[in-house]
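Please keep the sequence and the coordinates in view while reading.

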Amino acid sequence: QEPHHMPGEEAVEPYVPAPENAGATPFEGTEMWLAFGQTEGVSRIVDQTLDASVADPRTADIFAATDMVRLRRTLKEQFCYILGGGCVYTGRSMADAHDDIGLQASDFAILVEHLQAAMRDQGVPFRQQNRFLAKLAPMRPDTVTR
Ligand code: HEM
């Protein structure tokens with residue numbers, strides 16, 4: 001497995017892949033992974049969240065220069081890893097991935113809005129939605145830089 005980028009993706013500056021880059025430790029057991037609908041469910045949730053964020057006039061510009069092939073892949077890996085699906089996260093740390101894009105607190109709130117809608121549409125129970133959001137919340141200071 002090529003650590004930095006896959007075929008069809010743009011090259012990125014070299015970095016050291018590590019599980020810690022995912023920004024959270026995985027849930028134990030299979031409860032969360034099953035609640036999210038496993039590989040297919042997570043794939044739909046990530047795609048819907050990104051599609052909605054790209055289509056949202058409030059955040060569209062943020063994604064204009066982004067390699068969406070890579071972002072979909074790494075975000076699916078990260079969610080799978082955190083949800084206990086046993087994936088390896090091969091992407092960058094949250095600080096590295098977001099240090100050039102100048103996100104604001106409002107951008108974070110918008111992404112969470114779209115993620116909540118995607119989880120709801122996938123049928124993830126409210127309790128598991130909130131457990132997952134609680135894993136992502138501590139990453140906010142690493143992603144929001146202004
Ligand atoms: C907890 C919240 C977040 C998580 C878990 C997350 C996760 C990720 C991941 C896994 C990557 C790819 C890492 C890599 O390429 O190696 C990434 C990059 C990116 N994220 Fe986030 N992200 C979060 C918040 C946000 C928000 C709020 C926005 C904007 C609304 C955003 C926009 C982007 C963009 C544009 C990139 C690509 C940066 C580039 O082209 O280098 N992210 N994020």
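The model is a predicted one, and the values quoted here are computed from it. The buried residues of helix 5 are Asp 107, His 114, Leu 115, Ala 118 and Met 119. As for length, the 18 residues of helix 5 should span 26 Å at 1.5 Å a residue, and its end C-alpha atoms are 26 Å apart, which agrees.

Just after helix 5 comes Gly 123, with a positive phi of about 85 degrees. Gly 123 belongs to the loop between helix 5 and helix 6 (126–136). It counts as exposed because it has 10 C-beta neighbours inside 10 Å, where the limit for an exposed residue is 12 or fewer. Although 88 residues separate Gly 123 from Ala 35 in sequence, their C-alpha atoms are 8.0 Å apart in space.

Helix 2 can be read in a similar manner. Its 18 residues should span 26 Å at 1.5 Å a residue, and the distance of 26 Å between its end C-alpha atoms agrees. Gly 41, Val 42, Ile 45, Val 46, Thr 49, Leu 50 and Ser 53 are buried in helix 2. Down the helix 2 axis, the buried residues fall within an arc of 155 degrees, so they line one face of the helix. Glu 40 and Ala 55, on the other side of helix 2, are exposed. Helix 3 and helix 5 are included in what covers the buried residues of helix 2.

Gln 38 is also found in helix 2. Its phi is near 55 degrees, a positive value in a residue other than glycine. For context, most residues other than glycine have a negative phi. Gln 38 counts as partly exposed, because 14 C-beta neighbours lie inside 10 Å.

Which residues have the most contacts inside the largest nonpolar core? They are Phe 36, Val 42, Ile 45, Val 46, Phe 79 and Leu 83, in a core of 19 residues. Helix 1, helix 2 (38–55), helix 3 (68–82) and helix 5 (105–122) each supply at least two residues of this core, and helix 3 gives the most, with five residues. In soluble globular proteins, nonpolar side chains tend to be buried together. Leaving aside neighbours within four places in sequence, Leu 83 is in contact with Phe 27, Met 32, Trp 33, Phe 36 and Val 42.

The ligand is surrounded by 23 residues, of which the closest are Gly 91, Arg 92, Ala 97, Leu 111 and Leu 136. By type, the shell around the ligand divides into 12 nonpolar, eight polar and three charged residues. Helix 3, helix 4 (94–98) and helix 5 each supply at least two residues of this shell. Helix 3 gives the most to the shell around the ligand, with five residues.

Finally, Ala 18 lies in the segment before helix 1 (31–35). Ala 18 is exposed, with 11 other C-beta atoms within 10 Å. Between Ala 18 and Asp 47 there are 24 Å in space, C-alpha to C-alpha, at a sequence separation of 29 residues.

Definitions and conventions: Residues are numbered from 1 along each chain as its sequence is written. This is a predicted model: local features need pLDDT of at least 70, side-chain atom pairs count only at pLDDT 80 or more; totals for chains, interfaces and linings use all residues. Helices (H or I, at least four residues) and strands (E, at least two) are DSSP runs, numbered from the N terminus. A residue is buried if 20 or more other C-beta atoms lie within 10 Å of its own, exposed if 12 or fewer, and partly exposed in between; C-beta atoms are placed from the backbone. A nonpolar core is a set of buried Ala, Val, Leu, Ile, Met, Phe, Trp, Tyr and Cys residues joined through C-beta atoms within 7 Å. Two residues are in contact if their C-beta atoms, placed from the backbone, lie within 7 Å. A residue is near a molecule or strand if its C-beta atom, placed from the backbone, lies within 6 Å of it. Ala, Val, Leu, Ile, Met, Phe, Trp, Tyr, Cys and Pro count as nonpolar, Asp, Glu, Lys and Arg as charged, and the others, Gly among them, as polar. The expected span of a helix is 1.5 Å times one less than its number of residues. The arc is that of the directions from the helix axis to the C-beta atoms.
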